[in-house]
Amino acid sequence: MPDGLIDVAIRFAFPRVFQREPLPASRVPVAYPPPNMSDWMPIAKEYDPLKAGSIDGTDEDPHDRAVWRAMLARYVPNKGVTGDPLLTLFVARLNLQTKEEKLKEVFSRYGDIRRLRLVRDLVTGFSKGYAFIEYKEERALLKAYRDADGLVIDQHEIFVDYELERTLRGWIPRRLGGGLGGKKESGQLRFGGRDRPFRKPINLPVVKNEPHREGKRERRERSRSRDRHWDPRPRERDHDRGREKRWQEREMARVWPENDREREREFREDRVKGRDKRDRSK
């Protein structure tokens, strides 16, 4: 018998002698306590690319390469940007044809504007679809933040949030794999912002009437999916139709041999005769 088989036989005969030694303390996995309700927030107070890539902010490993890229990025905010970041709003999802005059006309309703900058491409000069608006007073800023989000300008529903580049610690822009929000089709959603706040982890209690429970985009997608799958037909009709469909599939599943056509014909005739007998008995 080979030496390897002898070792295997000895291990099976004397299992207690060859029990595995316990792991050292340095290799024992740490059991982290569940997140505390007081520590959890739907809106991120500090930007963490790993948490932003998780729907509830509890991921321990990045799930796509963009999160890895954001974690490795060393981003420094643009020092050439002027103005007070605490009085500046970020306006996105603009129509590419929207001009500065139109934005000034809409956002001047909430207060006096100190500076408005529509971001344009340096080469073509075309709008990139977002802008920054700085107000003179905090009251006007808060009013625009509350009321302007979701307005329709030039057939586009806009999104309004505070400026995050200079106010949110650890901020990483979208082009480096960070950012917040995003489209569902892209597969690279970022959570923790106004549009897509963090969902409550499963092991945390659900609080009724909780603010920022889900963003506008998530509510809209959920309502659309509900309308798409809604069926006005009554349940009894669906049940009967499903029973007929199952019977047809069962009949189609019967595979008769090619040389046994007579057997198939006799089977169908017997079935018709049995049905006629049941109708007469009624």
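## Surface and overall make-up

The chain exposes about 21600 Å² of accessible area, and carbon and sulfur atoms supply 52% of that area. The structure described here is a predicted model. Of the 282 residues in the chain, 29% are buried.

The secondary structure comprises eight helices and six strands. Among the contacts with a separation of 6 or more, 60% are between residues 24 or more positions apart.

## Confidence of the model

The mean pLDDT of the chain is 76, and 60% of the residues reach 70 or more. Residues 15-20 have a pLDDT below 50, and beyond near neighbours in sequence this stretch has two contacts in the model. A further stretch, residues 229-235, also stays under 50 in pLDDT. For residues 229-235 the model has three contacts beyond four places in sequence.

The model contains ten salt bridges. One of them joins glutamate 100 to arginine 120, with the closest N and O atoms 3.2 Å apart. Glutamate 100 belongs to helix α4 (residues 100-107) and arginine 120 to strand β2 (residues 113-120), so this pair ties together parts that are 20 residues apart in sequence.

Glutamate 100 has a relative accessibility of 26% and counts as partly exposed. Arginine 120, at 29% relative accessibility, counts as partly exposed.

Glutamate 134 takes part in a network of salt bridges that links it with Arg114 and Arg115. In the pair formed by glutamate 134 and arginine 114, the closest N and O atoms are 3.5 Å apart.

Glutamate 134 has a relative accessibility of 4% and counts as buried. Arginine 114 is partly exposed at 45% relative accessibility, and arginine 115 is partly exposed with a relative accessible area of 38%. As a general principle, side chains of opposite charge can pair when their charged atoms come close.

Helix α5 spans residues 138-147, and its buried residues are Ala140, Leu141, Ala144 and Tyr145. These residues cover an arc of only 135 degrees around the axis, which puts them on the same side of α5. In general, an α-helix has 3.6 residues a turn, so residues three or four places apart point the same way. The face of α5 turned away from the buried side carries the exposed residues Glu138, Arg139 and Arg146.

Several elements contribute to the cover over the buried residues of α5, including β1 (88-92), α4, β3 and β6 (159-162).

The loop between α4 and β2 contains serine 108. Serine 108 is partly exposed, with a relative accessible area of 37%. Serine 108 and alanine 140 are 32 residues apart in sequence, and their C-alpha atoms are 9.0 Å apart in space. Alanine 140 is one of the buried residues of helix α5.

## A nonpolar patch on the surface

Trp68, Met71 and Leu72 form a nonpolar patch on the surface, and together they have about 330 Å² of accessible area. Tryptophan 68 lies in helix α3, which covers residues 65-72. With a relative accessible area of 46%, tryptophan 68 is partly exposed.

Technical notes: Residues are numbered from 1 along each chain as its sequence is written. This is a predicted model: local features need pLDDT of at least 70, side-chain atom pairs count only at pLDDT 80 or more; totals for chains, interfaces and linings use all residues. Side-chain values use heavy atoms; hydrogens and water are left out. pLDDT is the predictor's confidence in each residue, from 0 to 100. Contact means heavy atoms within 4.5 Å. A salt bridge is a side-chain nitrogen of Lys or Arg within 4 Å of a carboxyl oxygen of Asp or Glu. Helices (H or I, at least four residues) and strands (E, at least two) are DSSP runs, numbered from the N terminus. Buried means under 20% relative accessible area, exposed over 50%, partly exposed in between (1.4 Å probe, protein chains only). Patches are made of residues with over 30% relative accessible area and no salt bridge: like charges are joined within 9 Å, nonpolar side chains (Val, Leu, Ile, Met, Phe, Trp, Tyr) within 5 Å. Accessible areas come from the Shrake-Rupley method with a 1.4 Å probe; for residues, only the protein chains shown count as cover. The arc is that of the directions from the helix axis to the C-beta atoms.
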